[in-house]
Amino acid sequence: SKPGCPWLLGLLVHLLLWGSPGAWASYLRRSSSCTPIPHRMALCYDIGYSEMRIPNLLEHETMTEVIQQSSSWLPLLARECHPDARIFLCSLFAPICLDRLIYPCRSLCEAVKRSCAPVMACYGYPWPEILNCNKFPADHELCIAAVSTDENSSSRRMPRASCKDCELEEASTTREILENLCTNDFAVKIRILRKNMTTTISDFDLDPGRVEVLKHGPLLRTEIPARLQQWLDIDATCVQNIMRGTHTGIFVVSGEVQSDKVVVNKAYAWQKKNRNLHQAVRRWKHHRCPEQAG
C-alpha cells in the first residue's frame, strides 16, 4: 500500500456516509444560520469571505464536524490537482452567507473531478457519490463558476497531480547516483524558473539555454526540452516538491518515457555541497552501466 492511503480511506468513509438521496432537498427545508469561518478551518479560512452558513451543503450540523470533515481534504489540495479545488470544496463545506444558497456550478464540479478523481483513483478510491456533478446546477443558473479557464491557460494543459510521490533526493553516494542514471531512460541537468508566486498552482518554465543532456535514451536530443516543459506543465506535485518554494534552481533529473510523456523519478539539487553529485556527473561520460559492460 502507498503512504497516502490512510487520509483517503478516512475521507471516503466520511463521504460515503453522506450520500443519502434526500439530503440536499431536506437541507433546503431547514433553517440555517451565519457564523464566522474559524481559523481552525484551514480548508476555507481566508478563502475570500468571512462568514458561512451552517448546517452547510454537506449536512454538517456543528462547526466541530465541519472542521473535522473538511480537514480530510487538505492532503488532496496539497497535491494541487486543480486550481479551483479549494473553491469547489468550500462552496459545499462553507457556503457563503447570502440571502439564498449558492451551489457550485456543474461545470466547476466536472473540471475539479477530471483532475482530482485520478489522484483518488491512484489509491483505489472512486469519486464519491455525494459529489456527483449531476446534482449541481447548470451554468446558466445562479451558481459558483470556475475561476480557472482554458482561455487563461492558453495552450497549456491543466496541471495534474502525480500518483507518484516525487521528492528532492539527497545525493548520498556517487555510486548510487551513477546506478540511478543507468536504470532510468534519460538524465538531464536543467534550470527551472518559477513564473509566479500568486496563483494556487505555480507555473514553471524550463530555461532552454541551460539544458545539458547526460542521457537521452529513447528520446531525441532535440525533443527533450519540449518533453521536459510538458512535465513542468502537468506534474504540479512533483515540481513543487522539487522546487521547495524557491524561485529558480538547477537540478539533475532522471526518469522514464511513458508513451506521450516523461515521468521524473529522481531529482537532485545542483549545489556546491553536493560533491557526490558533481563527481557522478563528471564520471558519467566514461561510466559503463552493468548491462553495457557485458
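What follows is a short exchange on the disulfides and one loop glycine of this predicted model.

Colleague: How many disulfides does the distance rule give?
Modeller: The count comes to five disulfides.

Colleague: What makes C34 and C97 a disulfide?
Modeller: Their sulfur atoms are 1.5 Å apart. The cut-off is within 2.5 Å, so the pair qualifies.

Colleague: Why is this pair said to tie together separate parts?
Modeller: C34 belongs to strand 1, residues 33-36. C97 sits in the loop between helix 5 (85-93) and helix 6 (106-122). The two parts are 63 residues apart in sequence, so the bond ties them together.

Colleague: Why is C34 called partly exposed?
Modeller: Its relative accessible area is 39%. Buried needs under 20% and exposed needs over 50%, so C34 falls in between.

Colleague: And C97, buried or exposed?
Modeller: Buried. The relative accessibility of C97 is 18%, and the limit is under 20%, so the label holds.

Colleague: How do you know that C109 and C133 form a disulfide?
Modeller: The sulfur atoms of C109 and C133 are 2.1 Å apart. C109 lies in helix 6, and C133 in the loop between helix 6 and strand 3 (168-169). They are 24 residues apart, and the pair links distant parts of the chain.

Colleague: What is the handedness of that link?
Modeller: Left-handed, with -75° about the S-S bond of C109 and C133.

Colleague: Why are C109 and C133 called buried?
Modeller: C109 has 0% relative accessibility. C133 has a relative accessible area of 5%.

Colleague: What makes C182 and C289 a disulfide?
Modeller: Their sulfur atoms are 2.0 Å apart. Within 2.5 Å is the test, so C182 and C289 pass. C182 is in helix 7, residues 174-183. C289 is in the loop between helix 10 (275-284) and helix 11 (290-293). The pair spans 107 residues, and both cysteines are buried.

Colleague: Why is the disulfide of C182 and C289 assigned a hand?
Modeller: The torsion about its S-S bond is about -90°, so the disulfide is left-handed.

Colleague: Now the glycine. Why is G209 called exposed?
Modeller: The relative accessible area of G209 is 65%. Exposed means over 50%, so G209 qualifies.

Colleague: Where is G209 found?
Modeller: In the loop between strand 5 (204-206) and strand 6 (212-215). The C-alpha atoms of G209 and R191 are separated by 8.6 Å. Along the chain, G209 and R191 are 18 residues apart.

Technical notes: Residues are numbered from 1 along each chain as its sequence is written. This is a predicted model: local features need pLDDT of at least 70, side-chain atom pairs count only at pLDDT 80 or more; totals for chains, interfaces and linings use all residues. Side-chain values use heavy atoms; hydrogens and water are left out. Helices (H or I, at least four residues) and strands (E, at least two) are DSSP runs, numbered from the N terminus. Buried means under 20% relative accessible area, exposed over 50%, partly exposed in between (1.4 Å probe, protein chains only).
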